[in-house]
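Hi,

Here is the structure I promised to pass on.

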Amino acid sequence: FGGDTMEEPEELEPEVLPPPPPGQGSPVSLAALELESPPPKKKRLKLRRVPLKTCMASTCMVAVGVVLLALSLDFYVEHSGHEGALPMLVLSCIALCPGIYSAVNLYGAMRGWPGYHFDALPSYEQLG
């Protein structure tokens, strides 16, 4: 209100480093250090024994769940009175929930994510 004027901020000059003493070389900038650093090494996956029967069971549960979900949507859309849609939806949820859970755990264990292990899932390797 009362005639306040905004003062312009002072321009700061970049800080200049003094030259190094003789025999010690020139200062190295951060950009030069980044260019000279070696490229990061690729993370190698440890070979683990993957439970094949458990992977197959998980894949089958997800596939059956998706098919039943598609059928339930078809029954809901195509049939008058939506006959059979709710039972198919319940069956698809029963198949999809453990299938997706085990698929995510298997993928995490294969990728080596912390907290994901093959031991966390029921194994079908001992059967037959």
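Predicted model: local features only at pLDDT ≥ 70, side-chain atom pairs only at ≥ 80, totals over all residues.

**Around Thr 54**

Leaving out residues up to four places away in sequence, Thr 54 touches Leu 106, Leu 121, Pro 122, Ser 123, Tyr 124 and Glu 125 (contact means heavy atoms within 4.5 Å). Residues are numbered from 1 along each chain as its sequence is written, and side-chain values use heavy atoms, with hydrogens and water left out.

Thr 54 is found in helix α2; helices here are DSSP runs (H or I, at least four residues), numbered from the N terminus. With a relative accessible area of 4%, Thr 54 is buried. For that term, buried means under 20% relative accessible area, exposed over 50% and partly exposed in between, using a 1.4 Å probe and protein chains only. Thr 54 and Ala 103 sit 49 residues apart in sequence, yet their C-alpha atoms are 9.2 Å apart in space.

Ser 58 is also in α2, which covers residues 52-78. Ser 58 is buried at 3% relative accessible area. Neighbours within four places in sequence aside, Ser 58 is in contact with Gly 99, Ser 102, Ala 103 and Leu 106.

**Helix α3**

How does the span of α3 agree with its 27 residues? At 1.5 Å a residue they should span 39 Å, and the end C-alpha atoms are 37 Å apart, which agrees (the expected span is 1.5 Å times one less than the number of residues). The buried residues of α3 include Ser 92, Leu 96, Gly 99, Ser 102 and Leu 106, and what covers the buried residues of α3 includes α2. Gly 112 follows α3 and has a positive phi, near 80°.

**A nonpolar patch**

Leu 69, Leu 73, Leu 86, Leu 89, Val 90, Leu 91 and Ile 94 form a nonpolar patch on the surface, together giving about 630 Å² of accessible area. Areas are from the Shrake-Rupley method with a 1.4 Å probe, and for residues only the protein chains shown count as cover. A patch takes residues with over 30% relative accessible area and no salt bridge, joining nonpolar side chains (Val, Leu, Ile, Met, Phe, Trp, Tyr) within 5 Å and like charges within 9 Å; a salt bridge is a side-chain nitrogen of Lys or Arg within 4 Å of a carboxyl oxygen of Asp or Glu. The largest share, five residues, comes from α3. One of the patch residues, Leu 86, lies in α3 and is exposed at 60% relative accessibility.

**Aromatics**

Rings of Phe, Tyr and Trp (its six-membered ring) pair if their centres lie within 6.5 Å, with planes under 30 degrees apart stacked, over 60 edge-to-face and the rest tilted. That rule gives two aromatic pairs. Tyr 107 and Trp 113 have ring centres 5.4 Å apart and planes at 80°, so this pair is edge-to-face. Trp 113 and Tyr 116 are edge-to-face as well, at 5.5 Å centre to centre and 75° between the planes. Tyr 107, Trp 113 and Tyr 116 form one aromatic cluster. Tyr 107 is partly exposed at 45%, as are Trp 113 at 35% and Tyr 116 at 28% relative accessibility.

Cheers

Technical notes:
Helix = DSSP H or I, 4+ residues; strand = E, 2+ residues; numbered from the N terminus.
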